[in-house]
Amino acid sequence: MIKVVAALMCIVAAAPLVAALIGFVLETLNRRAASYWLAVAGSTVAMTASVVLMTIVSNPMLLPQDASRIELFQWLQVGESARFDVTMTLRVDSFAALLVLMITAIGTAVLIHGKQQKLSRQVQHFPSLMLSLFVAIMVVLSANFVMLYFFWQLSTVAAILAQNRGSRSADDASPAKSNLFLCLVIADFALLLGVCFVWTNFGTLELSEVLTEANIAGVLADRPAVVGTICFCFFLAAFGRTAQFPLFVWLHDADRSRPADSALIQTATLMPAGIYLVLRSHLLFDAAPDTRLVMAMVCAFSILLLSSMAITQKNMTRVLSLSSAMMLGQAFLALSIGTFDAIKAAIVLLIVHSLTKAVLFLSADNIASDCDETTEFERLGSLRRRFPKSWWAMICALVILVSGIWGTSRILQNLSSDLSAKTTAVVNDGDEDLNLKDPPAATVASVAGTLSNLILASVFLHSLAVFRAFFLVFHGGNAEKTTKPGPSHESAGSRWVPLFALLVSAAAVVVFAQTNSFDEILLRSFWSAESVETGSFLRPAMLVALCSAMGFVIAWMLYVKPSVWPDRIARVAGPFSRLSQHGFYVEEFYCSFLARMIRQLAGLCRWFDRLLFHGHASRACDHAASAIARAVRPLHTGNVQLYVLALLLMIALLAITLLCNLE
Amino acid sequence: MERLWIGLVNNSVCMLVVLPMIGAVLVQAMRPFGWETVRRTALTNVVLSLFLLIVMVANFDVGNRTNQSAMQQQPHAQLRTNLRWTGGRAGSGAPNIQFAVGVDGISLWPIAAIVLLAFAAVTATYGQDGKQIANNYSAILLLQAALIGVVAALDVILFCVFLEFSVWPLAVLMGRRGDANTLTTVRRMCVSHSISSLLVMAGLVLMVLAYSWMRTTEANPNPPLVFSISELTAGISAWLADDRAAQTWNQVRVWVCFLVAAGLTIRSLAVPFHGWFLNNQDRSSIAVCILSPAVALPIAVYGIVRFVLPMFPEIAMPLAHPISIMLLASVVFLALLAVSSRGLGRLTNHACLLHSALCLLAVTSLSTLGVTGALIHSSSILLSAAAVFLLADRFPRIAAWRHFLLLLAVGAVLGIPGSSGFAGQLMILVGIFETDPMIALWTCFALLLLLWVFAVALLSGQSTDVPDPPADVNEGRGASLRTLAAVFPLLFVIGWLGLQPQFLMSRMNQSVAYVMRRYPATSDASADSDSQRPRRLSQQRRYRRGAVNFQ
């Protein structure tokens, strides 16, 4: 069975790669249709193989060990004693298999959905998507940190290629275009620093060797701050990937690209990688409560910021992007709690969010395809009759997404349990004892309540934002209509079948997540996570449902029909509305302050370089050379023997001087 | 036939040095037969060099020494050719200088890179015509011979001769246009490199003399001068066990180290010796753009790893930290300079300069990873930059395949995964991080600036300022094929080493381990347990900051 698993891993990884490579050649030969069908075939093969892989790996009867691995080739070995040894190895466990299945399923759906546009897309579009898919799969299947970093950085490149090729506007000169690149590269360097810390302190790069309780305890005993620093680096890397504060500015590029491209990046390739990194290294995070606390606070702030930005945006793609970042922020918050239930909530949230958000993006793509490639609310409205299937797909996806019974309420429930556990610890142990055992426990206890309130506020804002977008597109709106005449794009089967397939999958995951079988699958990967008794699920579920319902009702009241109330509220909100609409001017701050500061510093360096190294210093050297040349001009007779004699005399002089010094 | 083949294999390194020299003469001799004959002669020569390179690499013995005692032994140069130059006969009294060339793990990759660059330069300029073409090809071939000679030389004097010789063909290539600015740049380059060569030569001659003084005994008052690099490296270390010899060595070692290191630093284009490079690149032909970094980057790193690291650990250890701070400032300065420059070609020049300083920074980390990364990266960045120069002209209007290849080449300059730049940069950054995480952090910042600037340039479609494209942009299919022929070997090697750097590592490990055997970060690596590793690294950091005296 191990050989079968190894073969399946190879198929899952190789199918998209082969499709991408052949696709690049085919596109160069202008065989775009062939390239498209090849991409669909590659993705389908990978998805089928990942279904079988998931079945085998999650079943202890078929595969008794927790994980299976296959060594491909030795990539790098530096030093005679084989210290820095990187072997390209694929490793799969039940969690990895689950994520691979999710990635390939979304990839296949996005590709099938793109059938009608296979000829209108830019060159190399589908091979770029397949490359993204391959890289995302390899990130999940990586068995060591260098390999993880290798594919992590490659996914940055693939995302930029996909985003750039999928760009709708010709505004390539915009400096904001590099936001995606910059944020992702910051995340990449953060991961690299984390990997460096791992190598210098653990002495190995293998995930299975580093992420063991014994090794982490050993490093923790020797250097307590190191684990926290590693976690901070990973946390920054993951934040860059999932567009959390302060690295969320790349989301603003999202409205410049097609919704279908955003679907793959935000739900299958780029964003899930951030969550995967933190999930995979949860043992490290368990040993770093300070970092977890910081992560929780930054996440809560980020969620609130993103959801408050989402309610005033004027572009559907941007609202959906902000919603993605917000949902993944909730997943991070769950991971900062660290219990098994919280980890499970994060995983379910990640999967359900990815599936439903893919549906939302693909529905938005259906609309954009018929509406002059725009997703601006000003140019959309009253589209329900024209896009009935997209309407149904979106409403179902939104209900699943905002109901929160599978994720958000579990997080709230765990946060409350954590709060009560810490409070009990404070009461029972007293402050001094507590500080020795678990320094940030008291702080966590005081912060957890605030976090719960922030989550509820953000749930309300999120619900308001996404339903506002929904109503503005399908119901309200009186602006100029931009729909093309004739039947809508969604009438083709390839445009709506993938949506409902993904919806069914999301619903199935929600149901399956409530069963013990799902717990058993996750326990194979997260057996070491702490299980704590949680209180009643009813109260947090009702609170989340109430907040979501409030958001829905207010959105319905304000936006289902053209109304003057939104403008009135915006006028009342005044500065907040403007701040929210412009993303709190964070991007402007980066552009006008940081970028300008760096450019001015660069200008200063240029001036210094010209003045000193190209100016005075060079001229001084020239003058010195000329002066020396003039001085030795009398010796310049053209007699080569004389030159040789001079050279020998100099060497002799040097030798004599040294001999004298020796004595 | 078999003997002929064995002879060819055994002397492949020597032929790699001699063949371009013969080619340079032949190119001049073919002038009366027309420009096409001249071009074909040059092309045949670089193709034959490429063939010899493949023969050399295929016959390089990887070896498999893994134990500690074997690591202390010096790996012998392979495929070596020894020709008596002066002396050598018993009782002749003349110094035993030999035309000895060979290849080991340290010199293998630079030789390969130089051959590939020469091939690319000749192929890219194949379509050019005119009176200067024979001189250009001769200069390219002579430059190739000189650069291979520098890294393949096994004799100190031969090294110095080739080092000095490498300046003049480049001067001819650069000065072809002959305007005042170009001549000023050429003059500066010649002065800079000549001073560098003289300093290195003075240092190495002094080392030869010092080794002779070390071995002077009553029984042997006049020991013969030794010019063999391997013998000097091993011999000086061995003679340090003798108190008198050690005392003699201690008196001259600072001077030797200073002269050699200063000469090579001037050569390396590190700030403030970078001026001529940027001026030159603004005005030169594509051949100069491709070849001029090769005179600096790999030679400087090779020289430091060959001479300074194995012979002067006592000086290198305490000085490494202050020098690395200066180099870090240089890296950040160059990154900021890149931010204020426009155009893909000029950015690539800045990237070359930055990576040059980065390689030196990695060497000063004194870790096996850093040194290995510097050796790989100093040559691989040349290939990537050459590919960018070849493809970058008329960037916004080029064909789709060319655009795609250009993206790959730029990615290789920036070190995207799957390119040789990634492996090199990874090793460099991890190596630097091992000894000083803060320096690694700032280095990451500098690289981030460079990446940002390239991203802006690429995404905004900035046109390049490469001044003299391969003259084939509007020449149709033949010209495109020539560009493809020039670029393909470069991209193939970049991609191959990116996906399988172990091919090179397995050939380099022994040589680098021998170079680094006297540094604590690597000498006891195999004896270290994982738990001891952090302690050892912090001890090394203290060494570098001068807190502990090196014994």
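Reader: Are H5(B) and H16(B) roughly parallel or roughly antiparallel to each other?

Author: Happy to start there; this is a predicted model, in which local features need pLDDT of at least 70 and side-chain atom pairs count only at pLDDT 80 or more, while totals for chains, interfaces and linings use all residues. Residues are numbered from 1 along each chain as its sequence is written, and chains are lettered from A and ligands numbered from 1 in the order in which they are written. Helix H5 (residues 105-124) and helix H16 (residues 368-391) of chain B pack at an angle of about 10 degrees with axes 9 Å apart, the axes being lines fitted to C-alpha atoms, for helices over the stretch in contact, with angles from 0 to 180 degrees between N-to-C directions. Angles under 35 degrees count as roughly parallel, over 145 as roughly antiparallel, 65 to 115 as roughly perpendicular and the rest as oblique, so H5(B) and H16(B) are roughly parallel.

Reader: Which residues of H16(B) make the contact?

Author: Two residues are in contact if their C-beta atoms, placed from the backbone, lie within 7 Å. On the H5(B) side, the residues include B:Trp109, B:Ala113 and B:Leu117. Facing them from H16(B) are B:Leu375, B:Ile376, B:Ser379, B:Leu382, B:Leu383, B:Ala386 and B:Leu390.

Reader: How many helices and strands are there in chain B?

Author: Helices (H or I, at least four residues) and strands (E, at least two) are DSSP runs, numbered from the N terminus. For comparison, chain A has 25 helices and two strands. Chain B has 23 helices and two strands.

Reader: What percentage of the residues of chain B count as buried?

Author: A residue is buried if 20 or more other C-beta atoms lie within 10 Å of its own, exposed if 12 or fewer, and partly exposed in between, with C-beta atoms placed from the backbone. Of the 663 residues of chain A, 54% count as buried. For the 551 residues of chain B, the value is 59%.

Reader: Which peptide bond is cis, with omega near 10 degrees?

Author: Most residues other than glycine have a negative phi, and most peptide bonds are trans. Just after H11(B), B:Leu269 takes a positive phi of about 70 degrees. The loop between H11 and helix H12 (275-283) of chain B also holds B:Pro272. The cis peptide bond there runs from B:Val271 to B:Pro272.

Reader: Why does B:Phe277 count as buried?

Author: B:Phe277 lies in helix H12 of chain B. Beyond its neighbours within four places in sequence, B:Phe277 is in contact with B:Leu269, B:Ser292, B:Asn349 and B:Leu353. B:Phe277 is buried because the number of other C-beta atoms within 10 Å is 23.

Reader: What is the phi of B:Leu366?

Author: This residue is found in the loop between helix H15 (344-364) and H16 of chain B. B:Leu366 counts as buried, with 26 C-beta neighbours inside 10 Å. Its phi is positive although B:Leu366 is not a glycine, with a value near 55 degrees.

Reader: Is A:Ala243 buried or exposed?

Author: A:Ala243 sits in the loop between helix H9 (224-241) and helix H10 (259-269) of chain A. Its phi is positive, about 60 degrees. With 30 C-beta neighbours inside 10 Å, A:Ala243 is buried.

Reader: Which proline follows the bend in H1(A) within four residues?

Author: Helix H1 of chain A runs over residues 2-28 and reaches 39 Å from its first C-alpha to its last, close to the 39 Å expected. After H1(A) comes A:Asn30, with a positive phi near 65 degrees. H1(A) bends by about 30 degrees at A:Ala14, and the proline that follows is A:Pro16.

Reader: How far apart are the centres of domain 1 and domain 3 of chain A?

Author: Domain bounds come from an automatic or database domain assignment. For chain A, that assignment gives domain 1 (1-143), domain 2 (144-168 + 177-581) and domain 3 (588-662). Taken over C-alpha atoms, the centres of domain 1 and domain 3 of chain A are separated by 55 Å.

Key: Expected span 1.5 Å × (residues − 1). Bend = angle between axes of the 7 residues up to and from the residue.
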